[in-house]
Amino acid sequence: MQHNVDIVIVGGGMAGGMLAAALAEHSLRILLVDAAAPPTMPQGAADLRISALTESSENLLRHTGVWPLMPTARLQPYNSMDVRDGDGTGEVQFSSEAVGVDHIGTLVENQVVAAALYQRCDDASQVVWRNHCRVENIVRGAEGWQVTLGDGETVCARLLVGADGARSLVRGAAELTTAGRDTGHVAIVATLNTEHPHQQCARQGFLDSGPFALLPLFGDGHQCSLVWSAWPTLADELMQLNDADFSARLTQASQEWLGEITLASERLAFPIQDLHAGDYVTDGLALIGDAAHVIHPLAGQGINLGLLDAAVLAEEIERALLAGRDWSALPVLQRYQRRRRGHNATMVSAMRAFKVLFEQRAPLIRFVRNSGMNLVNRHGLLKAAMVRQALGRNDDLPKKAML
Ligand SMILES: Cc1cc2nc3c(=O)[nH]c(=O)nc-3n(C[C@H](O)[C@H](O)[C@H](O)COP(=O)(O)OP(=O)(O)OC[C@H]3O[C@@H](n4cnc5c(N)ncnc54)[C@H](O)[C@@H]3O)c2cc1C
């Protein structure tokens, strides 16, 4: 059986869900397909996949009616950041007060965002969200892109959107090439109990072996989410330690930043990729989120960039619709690419440079780097500029990200 829709979105992660939610008020018939089960709102202990959402992401989610669907009790705003070198000789502290805002960002479980997006789309009659539904094949036909689903059904769309993550099938089918390299890093994530309260501060330390982050979690003020990036041999070793030894190792590596640390969950390990598509668009097709770019999680920016991609693509489609133009035409998609690729490229390059800088063992480079951190720490204007960056403010935000 074959049927036609206006837009097929492959992937119901946060980027795909955001695009569907942002277009939900229009007359376009949207089919979102995802191979996984429908996202459900987590209960009880925190899920292990956490993201730090910027002010821009919060605005986007608010103005698409998604934020109110996220339970306040599971959100943890943070109002300061503390970045330290592993030597303990360089430190920068940032605070939301520097730019007169209440908080810099919000720590939230990915599952909470995904479940709220799902609920928002469930209320929209124009959006059909199908789970347990894998796209098996994609070809370009006379009527547009034709997608074959796992049950053999085919769907034709005027616009096909790849929101299907780092190993995007859509990107491959469209022969959109990527540049990137293996970061060689593996990220270990877990939930921790800490002796000292986190005080709504996101902490990041740079060890020779890679960065670690202690991110404040909702609850009694003594729980943090860990993201510890390390070379594979060290990551393997850390994954094999028993809970008590892992906790002791982390307490020591963090120089007792939050006192004694105790593991409060299982550990998960993710290989860290680094890639960027040369083009995000071609005739009748666009990539958003990790399908277009994957960056090191050390700056906590991946999904913030993905949400902005979705919002800008929705804004360009909306602009063409309101002007009575062909909303799926290549120039519309190219406008989306122009607005997003440069911004994402800057972030990808910054993360690569940051990682290299903090891996240096040469004493002179370390001295200059750490002196630089201390200099930044004493320079109010520089720090305010960096907080604005962390808030996700840039020159070409979609309207909904600014309100
Ligand atoms: C350890 C770690 C920590 C991170 N921390 C942060 C952070 O603090 N802040 C931040 O902004 N980012 C962070 N990130 C990055 C962030 O998690 C990703 O950028 C984000 O999850 C990508 O979302 P997405 O929707 O683009 O892709 P995904 O989440 O990968 O979703 C892709 C979806 O596509 C579906 N799919 C794939 N193939 C098919 C197919 N053939 N058919 C149907 N469905 C398909 C999958 O089921 C999946 O649901 C972190 C990443 C890691 C690894």
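**Questions on the predicted model**

Analyst: Phenylalanine 206 counts as buried, at 3% relative accessibility. The model is a predicted one.

User: Which residue is 116 residues from phenylalanine 206 in sequence and 10.0 Å from it in space, C-alpha to C-alpha?

Analyst: Phenylalanine 206 belongs to strand E14, residues 201–207. The C-alpha atom at 10.0 Å from that of phenylalanine 206, 116 residues away in sequence, is that of glycine 90.

User: How do the rings of tryptophan 228 and phenylalanine 246 pair: stacked, edge-to-face or tilted?

Analyst: The structure holds four aromatic pairs. In the pair of tryptophan 228 and phenylalanine 246, the ring centres are 5.9 Å apart and the planes are at 55 degrees. Stacked needs planes under 30 degrees apart and edge-to-face needs over 60, so an angle between these limits is classed as tilted. The pair is therefore tilted.

User: Where in the chain do the two partners lie, and how many residues apart are they?

Analyst: Tryptophan 228 is in strand E16, residues 223–230, and phenylalanine 246 is in helix H6, residues 243–253. The pair thus links distant parts of the chain, and the separation is 18 residues.

User: Which arginine lies over the face of phenylalanine 246?

Analyst: Two arginines can be named over phenylalanine faces. Arginine 49 lies over phenylalanine 270, at 4.4 Å from the ring centre. Over phenylalanine 246, at 4.6 Å from the ring centre, lies arginine 267.

User: How many residues apart in sequence are the parts that tyrosine 280 and tyrosine 336 tie together?

Analyst: Tyrosine 280 is buried at a relative accessible area of 0%, and tyrosine 336 is buried at 0% as well. Tyrosine 280 sits in the loop between strand E19 (275–277) and strand E20 (281–282), while tyrosine 336 is in helix H8 (residues 330–359). The pair therefore ties together parts whose separation in sequence is 56 residues.

User: Which residue has a backbone N or O atom 2.8 Å from an oxygen atom of the ligand?

Analyst: A polar backbone atom of alanine 15 is 3.0 Å from a ligand oxygen. For glycine 302, the distance from a backbone N or O atom to a ligand oxygen is 3.2 Å. The one at 2.8 Å belongs to isoleucine 303.

User: What share of the ligand's own accessible area does the protein cover?

Analyst: There are 31 residues around the ligand, and Asp34, Ala52, Val135, Asp290 and Ile303 come nearest. On its own, the ligand has 1,000 Å² of accessible area.

User: How many residues of the shell around the ligand are nonpolar?

Analyst: Elements that give two or more residues to this shell are helix H1 (14–22), strand E3 (50–54), strand E13 (186–194) and helix H7 (302–322). By residue type, the shell has ten polar and five charged members. The nonpolar count is 16.

User: How many of the nine residues of H1 are buried?

Analyst: The buried residues of H1 include Met14, Gly16, Leu19 and Ala22. H1 is largely enclosed by the rest of the structure, because the number of its residues that are buried is nine of the nine.

User: Is glutamate 175 buried or exposed?

Analyst: Glutamate 175 is in the loop between helix H4 (169–173) and strand E12 (178–180). Its phi is near 55 degrees, a positive value in a residue other than glycine. Exposed means over 50% relative accessible area. At 67%, glutamate 175 is therefore exposed.

User: What is the relative accessible area of glutamine 255?

Analyst: Glutamine 255 also has a positive phi, near 50 degrees. This residue is in the loop between H6 and strand E17 (261–263). Glutamine 255 counts as partly exposed, because its relative accessible area is 45%.

User: Which side chain makes a polar contact with that of histidine 296?

Analyst: Histidine 296 lies in the loop between strand E22 (293–294) and H7, and is buried at 4% relative accessible area. The polar contact from its side chain, at 3.1 Å, is to the side chain of histidine 185.

How values were computed
Residues are numbered from 1 along each chain as its sequence is written. This is a predicted model: local features need pLDDT of at least 70, side-chain atom pairs count only at pLDDT 80 or more; totals for chains, interfaces and linings use all residues. Side-chain values use heavy atoms; hydrogens and water are left out. Rings of Phe, Tyr and Trp (its six-membered ring) pair if their centres lie within 6.5 Å; planes under 30 degrees apart count as stacked, over 60 as edge-to-face and the rest as tilted. Helices (H or I, at least four residues) and strands (E, at least two) are DSSP runs, numbered from the N terminus. Buried means under 20% relative accessible area, exposed over 50%, partly exposed in between (1.4 Å probe, protein chains only). A charge sits over a ring if NZ of Lys or CZ of Arg is within 6 Å of the ring centre and within 35 degrees of the ring normal. A residue is near a molecule or strand if one of its heavy atoms lies within 4 Å of it. A polar contact is a pair of N or O atoms within 3.5 Å; within protein, one must be able to donate a hydrogen and the other to accept it, and residues adjacent in sequence count only if both atoms are side-chain atoms. Accessible areas come from the Shrake-Rupley method with a 1.4 Å probe; for residues, only the protein chains shown count as cover. Ala, Val, Leu, Ile, Met, Phe, Trp, Tyr, Cys and Pro count as nonpolar, Asp, Glu, Lys and Arg as charged, and the others, Gly among them, as polar.
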